[in-house]
Amino acid sequence: MAQKKAKITEKKQEVLNRLKNFGKDIYDQLDQGQFPAVAMPSRSTENITYDESVRQYVLGEKSVGRSTRNIRHIKPFTQLAWVALFSNELTSQRKTSTLRDVYYSAQAYEMTFQDQQESNNIITDLETLTGFAREDFNIFPEERSAIFGDIDVGYTVPGYEGKTVNLTSHPDGVLIGPAITSAEFIKTSADKVIAIEKGALFTRFIEENVHNKHKSLLISCGGQAPRQTRSFIRRLHDELGLPVYILTDGDPWGMHIAQVIISGSANAAHLRDLNTPDAVWSGVWASDIIDYKLPTDPLDEVDIKRLYELQKDPRYQNDPVWQREIKVFLKIKRKTELEAFSRYGLTYIVDEYLPKKLEQKAKAGKGTKKK
């Protein structure tokens with residue numbers, strides 16, 4: 001616990017130093033009679049490439065600048081400075097905020113944003129400038145994912161330091177928020193992580209005791225997994241050596257939900273450790289639709305267009321499974337949902353489909369649990 005707390009303290013200090021250095025640069029430029037300016041890596045699509053060595057999107061060497069000498073830059077520069085100030089207050093006072101709360105808090109400082117999207121974009125600028133994620137500044141999205149399973153964690157958040165909890169403590173699962181993502185892993189009997197796209201199936205797996213039957217930690221992604229959830233999955237894999245298996249709906253959007261967990265997103269190319277390259281997409285595959293004779297709906301034009309986009313995406317080109325399944329989707333022009341297995345009974349997905357998938361893909365999970 002002490003070691004984990006020391007690491008958190010060290011990282012927080014590094015975050016604070018980075019923020020204060022940004023402020024110091026502004027003061028130094030003013031002191032020298034200069035118009036304050038800042039440069040940061042460009043997040044344009046032309047500057048985003050897929051890096052095979054880290055198996056995720058990264059930013060290239062192009063940069064963009066903002067100078068208060070340019071009247072068009074004064075507003076975004078001032079907004080960036082304010083977000084840095086607000087982030088410094090949150091981090092130093094060990095308080096948390098949400099993206100929505102930041103937008104409203106700006107009004108107390110007479111700092112205006114046109115809408116929340118503009119506020120969110122400035123927060124992303126600060127991430128790009130400092131190299132730290134917004135979660136490191138204690139700015140979080142609304143929690144909508146959860147975890148359930150036999151793992152003891154120790155809290156490190158103020159007021160709860162040293163307190164432990166087992167994550168089977170709540171029958172609906174425990175929200176993956178700041179307290180969980182910053183907690184220390186104490187012990188677990190699990191030997192794998194199963195990330196599930198949909199909350200309904202997550203609940204079914206809890207009801208059917210999957211965490212014990214398959215010695216697993218269950219994670220509800222709530223659709224596209226939030227960034228802090230993807231970072232948490234990475235921690236479970238790296239720190240505990242647990243292989244990660246992903247279950248999604250059988251459609252191009254489900255495929256991409258899995259791929260973002262594995263290879264990251266272009267939108268977060270300026271950050272690291274939000275992806276788990278060794279995670280495995282276990283289904284639902286297009287070929288499962290055929291093999292299990294699942295109920296389906298037709299792919300619409302948007303689905304088909306998306307499949308052609310995925311076919312060209314570099315994240316999908318190095319694994320024959322992805323390319324094969326895209327081709328099967330395009331051939332059968334059908335899609336399905338995880339719940340479709342209920343045509344064979346409520347427990348079929350747990351009793352039949354899941355064991356076969358875990359056995360089928362076990363060799364692909366490269367992590368082994370640490371002793």
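**Close-up 1. Strands E14 and E15 pair in the parallel sense in this predicted model.** Taken together with helix H9, which spans residues 252-263, E14 and E15 make up a β-α-β unit that is right-handed.

**Close-up 2. The open sheet of six strands has mixed pairing.** Read across the sheet, the strands follow the order E10-E7-E13-E12-E14-E15. Strand E10 (174-175) and strand E15 (280-283) each have a single partner strand and stand at the edges, so one side of each is left without a neighbour in the sheet. In general, the strands of a sheet pair through backbone hydrogen bonds, in either a parallel or an antiparallel manner.

**Close-up 3. Strands E7 and E13 run antiparallel, joined by three bridges.** E7 covers residues 146-148 and E13 covers residues 216-220, and across this pair phenylalanine 148 is placed opposite leucine 218 in E13. Helix H8, formed by residues 227-240, packs on the sheet and touches E7, strand E12 (192-196), E13 and strand E14 (244-247), while the direction of helix H8 makes about 170 degrees with that of E13.

**Close-up 4. Histidine 214 lies in the loop between helix H7 (210-213) and E13.** Its relative accessibility is 16%, and because buried means under 20%, histidine 214 counts as buried. When neighbours within four places in sequence are left aside, the residues in contact with histidine 214 are Asp191, Lys192, Val350, Leu354, Pro355 and Leu358.

**Close-up 5. The largest nonpolar core contains 44 residues.** Leu236 and Met255 have the most contacts inside this core, and helix H12 (residues 320-332) supplies its largest share, namely six residues. Residues up to four places away in sequence not being counted, methionine 255 touches Thr248, Asp249, Trp281, Leu307, Leu310, Tyr316, Trp322, Ile326 and Phe329.

**Close-up 6. Glutamine 114 is located in the loop between helix H3 (99-108) and helix H4 (116-130).** With a relative accessibility of 65%, glutamine 114 counts as exposed, the cut-off for that class being over 50%. From glutamine 114 to asparagine 275 the separation is 161 residues in sequence, and in space the two are 32 Å apart, C-alpha to C-alpha.

Conventions: Residues numbered from 1 in each chain as written. Predicted model: local features only at pLDDT ≥ 70, side-chain atom pairs only at ≥ 80, totals over all residues. Heavy atoms only, no water. Pairing = 2+ DSSP bridges. Helix = DSSP H or I, 4+ residues; strand = E, 2+ residues; numbered from the N terminus. Contact = heavy atoms within 4.5 Å. Axes fitted to C-alpha atoms, helices over the stretch in contact; angles between N-to-C directions. Buried < 20%, exposed > 50% of the residue type's maximum accessible area, 1.4 Å probe, protein only. Right-handed = clockwise from strand over helix to strand, strands pointing away. Core = buried A, V, L, I, M, F, W, Y, C linked by side-chain atoms within 4.5 Å.
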